[in-house]
Amino acid sequence: MQLQQRFLRLTIFSLALLCLLAACTRNESVQTLEQRDLMRLVFKGWDVSADKAIVKTPQLKAELPVSAKSVAALALRMHALHVQKIDADTAVLLVKGEPQESGLPNLIAAYWFKRRGEAWSLVKRQDVVEWLAANGRISKASMVELFPGDFALALEHSHVEKNEVNVWLRLLRVQADSIHPLFDKDLELVRHYESGPECESMMHPGKGKHPRLRVHENEQEPPNCYDYLASWELAPGTTAPGQLLVEFAGKTYGYRVVSHMTDGNGERTTSYEFVVTAQKGKKKLLFDADKQKYVLVNDKPAKAK
């Protein structure tokens, strides 16, 4: 009888241990590639709600760039951008992190998963893929096909400071175990600059002509303004990333010196006339297999007007 009871207790203990191990295994894997499930697997306790979406160090294994200074422990609101299957058993989750402290850059992170049976498990993490511009925002994120089975994350991110607005394109190649930039320098899509409130009327003039300006030597120089806009299109290749075509147009609004005059009292005056300089053109970038990046192969001369 004692032997039977001992065997029964041992059996119950073994079953409990197996159940515990099975539960732990389930906690370290998910059954689907739903963004919410993967985020919870990477960041314990994460949820889309305001407070639970904030992830702090050391759970987030990230350090700010040297140029950025934080007054408190790093805390980012983490959001899933996209889940991309690399092959039948490999997927990557792309994530953005928005800082809770002003003046800090946005973060791009990546996490890789492998399928074992019917479950997906986290196998690699890259908590810092890229830091974007401080005080910036991601205005658009999309996946583009470089060639069949090979993809890149296209990020259009912006930055506003004083009188200038900038939007850039950053292209990140997503592979089975790594993610890396495809440009040495982000591609400029928008640049809008106004040196003063006069730019509004300068850039949107009425029917009348702008009169000449006469500025005394102790007065501020006339304003200048700039407006640039570009669009891009990537044509997938067959066995390597295809060409990237950029079409752009820009205008500079400003004043050109016409003459200098000095009156009888020795006061110097400069006359300016209003000038608009326009340019338009195309740029073609091709993938360099040695550098593993896109390079500009021909920059067609801009057509000035």
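Reader: What share of the residues in the protein is buried?
Author: Buried residues are 36% of the 305 in the protein. Keep in mind that this is a predicted model.

Reader: Okay. How many helices and strands does the protein have?
Author: It has three helices and 16 strands.

Reader: Let's do sheets. In what order do the six strands of the open sheet come?
Author: The order is β1-β6-β5-β4-β3-β2. The pairing is antiparallel.

Reader: How do strands in a sheet hold on to each other, in general?
Author: Strands of a sheet pair through backbone hydrogen bonds.

Reader: Back to ours. Which are the edge strands?
Author: β1 (29-30) and β2. Each of them pairs on one side only.

Reader: How many bridges link β1 and β6?
Author: Two, in the antiparallel sense. Look at S29: it stands opposite S121 in β6.

Reader: What is the bridge partner of R77 in β4?
Author: That is E98. β3 and β4 pair over ten bridges in the antiparallel sense. They form a hairpin, with two residues between them.

Reader: Which strands does α2 lie across?
Author: α2 lies across β1, β3, β4, β5 and β6. It runs at about 115° to β3.

Reader: Now the inside. Which residues touch the most other members of the largest nonpolar core?
Author: F43, L60, M78, L93, Y111 and F113. This core has 24 residues. The elements that give two or more residues to it are α2 (35-42), β3 (75-87), β4 (90-99), β5 (105-116) and β6 (119-134).

Reader: Go back to F113. Which residues does F113 touch?
Author: Leaving out residues up to four places away in sequence, its contacts include L38, L41 and V42. F113 also touches L93, W120 and L122, among others.

Reader: New topic. Which cysteines form a disulfide?
Author: C199 and C225. Their sulfur atoms are 2.0 Å apart. The count for the protein is one disulfide.

Reader: Remind me what a disulfide is?
Author: A disulfide is a covalent bond between the sulfur atoms of two cysteines.

Reader: Is the link of C199 and C225 left-handed or right-handed?
Author: Left-handed, with -95° about the S-S bond.

Reader: What does the pair tie together?
Author: C199 lies in helix α3 (residues 199-203) and C225 in strand β13 (residues 225-234), so the pair ties together parts that are 26 residues apart in sequence.

Reader: Are C199 and C225 buried or exposed?
Author: Both are buried.

Reader: Let's look at β15. How many bridges join β14 to β15?
Author: 18 bridges join strand β14 (residues 244-262) to β15, and the two run antiparallel.

Reader: How many bridges does β15 have with β12?
Author: Four. Strand β12 (residues 213-216) and strand β15 (residues 268-288) pair in the antiparallel sense. V215 stands opposite T270 in β15.

Reader: Now loops. Where is K162 found?
Author: K162 is in the loop between β8 (150-161) and β9 (164-174). Its phi is near 55°, a positive value in a residue other than glycine. K162 is exposed, with a relative accessible area of 79%.

Reader: And where is Q292?
Author: Q292 is in the loop between β15 and β16 (293-299). Q292 has a positive phi of about 60°, although it is not a glycine. Q292 is partly exposed, at 31% relative accessible area.

Reader: Last one. Where does K52 sit?
Author: K52 is in the loop between α2 and β2 (54-56). The C-alpha atoms of K52 and R77 are separated by 8.6 Å, and the two residues are 25 apart along the chain.

Notes: Residues are numbered from 1 along each chain as its sequence is written. This is a predicted model: local features need pLDDT of at least 70, side-chain atom pairs count only at pLDDT 80 or more; totals for chains, interfaces and linings use all residues. Side-chain values use heavy atoms; hydrogens and water are left out. A nonpolar core is a set of buried Ala, Val, Leu, Ile, Met, Phe, Trp, Tyr and Cys residues joined through side-chain atoms within 4.5 Å. Buried means under 20% relative accessible area, exposed over 50%, partly exposed in between (1.4 Å probe, protein chains only). Contact means heavy atoms within 4.5 Å. A disulfide is a pair of cysteine sulfur atoms within 2.5 Å. Two strands pair if DSSP finds at least two bridges between them. Axes are lines fitted to C-alpha atoms, for helices over the stretch in contact, and angles run from 0 to 180 degrees between N-to-C directions.
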